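Dear colleague,

Please find below the structure that I am handing over to you. I would be grateful if you kept it open while reading the notes that come after it.

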Amino acid sequence: MRWRESRRYEKMRQYAAEMRPVFKSRAVFSDETEAYRTPCTVRAGETMQVRIRTWKNNVDEIFLVTGEERIPMRVLETEGGFDYYGADVTCGKDTISYYFELNTAGLTCLFTKKGCTDEADPRYFFRITPDFAVPEWTKGAVMYQIFPDRFRNGDPENDVLPREYSYLNGYVERITDWSQLPSAMDVRNFYGGDLPGILEKLDYLQDLGVEVLYLNPIFVSPSNHKYDIQDYDHVDPHLTRIVKESGFTLAWGELENREASRYISRVTDPENLKASDEYFAHFVEEVHKRGMKVILDGVFNHCGSFNKWMDRERIYEGQKGYKKGAFVDKESPYHSFFRFTNEDAWPYNEFYDGWWGHNTLPKLNYEESPKLVDYILGVAKKWVSPPYNADGWRLDVAADLGYTTEYNHAFWKKFRKAVKEANPDAVILAEHYGESADWLDGGEWDTVMNYDAFMEPVSFFLTGMEKHSDSFHPELLGDGRTFQRTMTRNLASFQGESELCAMNELDNHDHSRFLTRTNHYVGRVNYLGSEAASENVNPAVMREAVVIQMTFVGAPTIYYGDEAGVAGFTDPDNRRTYPWGHEDREMLDFYKKAVKLHRSYQVFRTGSIKPIGGGEHYISYGRFSREQQIVTAVNSGPESRVIEIPVWEIGIPRDEKVEMRRLLSTWRDGYTDSRQVLFAVGGMLTLNLRPYEAVVFGRNV
């Protein structure tokens, strides 16, 4: 019999309206942090103590429900007006899903990630996966995403030359004016940003408070974005150093890249490739010396038509040390790496499967090529191993890899095993839109780029704008209740470990800059123009978003230039250069204060999170442990409003007057990190929020 058809379920529904006044439901709390699980992660065969908090003397009995088993829980201690119950669970090899059943006065309530409920919805169950833990350094880490070509030009000698080669039927161009805005056809324009430029600015990044660098792709590739990999085995010399020059750029009127001898020398000559890889090893070493980490972008669903396995551009054909590409010769050792739809079209077979139909992005054919699988797993291991020692992978369009969902999961299991064996402390972080729970079961990805439970809800609540600036939704602007419900629903996809290191971005290389979204302009650069991206923006709303980013659960990730006030519509306008010497100094100063706040308190890394208020134009939530409690409140509207926040829900005593200190505040006309003292009385904190104010208060801080 299904749960919804059982008598017990019907009885619970009948009591639903009556039980809410009886249960102090907002006092009930548990999650997957170390405060409610000891140890927080376990190995198969070990025992974990699971805990839950209730209002003191409010519950007659509690059961921990795991499958068909109902484990009685006992009161472990009473503190601060709460009872803490616990029960032991011995783990096998498989994931355990659980929820809590609370009984009092003949009534029953269930507690899941949704809160107190009358419905046992598996989507909201807590989970224990034996042997699953993310690298400790990732939890709450301050990350910084760099689009290498646009951050800093540290070595002009490695710059792409005018007409060095052709790309998408046009010559590549070297942009000499660093402040020039991206053009509509930007993909073949190069500004010269490189790894030496990043090394030059490590002092700047450390001063900002950055702990992890996430680099968009750096492997040999013909585009400025490098999501069309040409050679997975080597870092692009245009981003590092070129030690050997020979050959010529293309003559005017010549677009055949097999004639681009200067480019061919730069990216295929063993001396250049060896020097480039050595420079990358040096780069990581220098970053590590400062206690920082490096995450690489892995593009494994597809490669590029320039790729040496395909060689559609015929730049490897006839080159010493390279085998024939699958486009060139049917007998190529790489034939099985791709799906060809016409087996009679060689030589130069253009009939192959491209990702989303793009012949410049050949889709990799893992299912039919064990050799390809081994090759890519070797690439995955190589770059997180000595001498390179990168600290993990961000996986591009990770759910698209393969031709079936079943194979996709099978591959990522192999990938995880390979990477973790090579470097147990490496992170595996995937780009993914939508439900991610199936990949976050401990056997595949560690976590994801957090679109669903961060970027999109924050954007809608503060700006009403879709993340590409493609539409405006006034009904979502300032809707605090929808924000809280959306966050609760989408965070349920994560296990606790994954949640703590989810990449929380306001924007990135694929979406409009958050600052631009604050002007509510719908559209893209090709018909609105570049200047419109900076018109009527609201820096105060941007600062509110930063406060949420630095106090929410997960790893706050800054897209280069956001801290300097860079605006921009979606790709390519979002890939403007960093404005060295022309930064918005006020925004930069605020970012430093916000990052410092985040790094100053452990609860922002590993503490619990609980929504404690939401309504028209406001939200409030707490980050807390037994030792420390911090609350964030946000007024998204242009009018002042008074709100009362039930801070007792995060552990502020109800029976005394409790001093709480302001840690950071930003509003329409300014910001401050000066300390102000307010008092919570009876477990309630009253705030008079100014227009567009976000404020952070804490106890024991």
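The notes below cover aromatic pairs, charges over rings, and pockets.

Please bear in mind that this is a predicted model.

The count of aromatic pairs comes to 53. In one of them, the ring centres of Trp 309 and Phe 337 are 5.0 Å apart with the planes at 85°, so this pair is edge-to-face. Both residues lie in the loop between strand 19 (293-298) and helix 6 (370-382), so the pair ties together parts that are 28 residues apart in sequence. Trp 309 counts as buried at 1% relative accessibility, and Phe 337 is buried at 0%. A further pair, Tyr 578 and Trp 580, is tilted, with 3.9 Å from centre to centre and 35° between the planes. Tyr 578 and Trp 580 are both buried.

Two charged side chains sit over rings: the charged end of Lys 24 is 5.5 Å from the ring centre of Trp 55, and Arg 626 lies over the face of Tyr 84, at 3.9 Å from the ring centre.

The largest pocket holds about 1,200 Å³ of space. It is lined by 44 residues, of which Lys 113, Lys 114, Gly 115, Thr 488 and Pro 611 are the closest to its centre. By class, this lining has 18 nonpolar, 14 polar and twelve charged residues. Elements that each supply at least two lining residues include helix 1 (7-22), helix 9 (480-491) and strand 25 (608-615).

The second largest pocket holds about 990 Å³. Among its 35 lining residues, Trp 355, Leu 361, Asp 510, Asp 571 and Arg 575 are the closest to the centre. The lining of the second largest pocket divides into 15 nonpolar, eleven polar and nine charged residues.

With kind regards

How values were computed:
Residues are numbered from 1 along each chain as its sequence is written. This is a predicted model: local features need pLDDT of at least 70, side-chain atom pairs count only at pLDDT 80 or more; totals for chains, interfaces and linings use all residues. Side-chain values use heavy atoms; hydrogens and water are left out. Rings of Phe, Tyr and Trp (its six-membered ring) pair if their centres lie within 6.5 Å; planes under 30 degrees apart count as stacked, over 60 as edge-to-face and the rest as tilted. Helices (H or I, at least four residues) and strands (E, at least two) are DSSP runs, numbered from the N terminus. Buried means under 20% relative accessible area, exposed over 50%, partly exposed in between (1.4 Å probe, protein chains only). A charge sits over a ring if NZ of Lys or CZ of Arg is within 6 Å of the ring centre and within 35 degrees of the ring normal. On a 1 Å grid over the protein atoms alone, a cavity is a set of points where a 1.4 Å probe fits but cannot get out, and a pocket is an open set with protein on both sides within 12 Å along at least five of seven lines; lining residues have an atom within 4 Å of a point. Grid points are joined across faces, edges and corners, and a volume is the space filled by probe spheres set on the points. Ala, Val, Leu, Ile, Met, Phe, Trp, Tyr, Cys and Pro count as nonpolar, Asp, Glu, Lys and Arg as charged, and the others, Gly among them, as polar.
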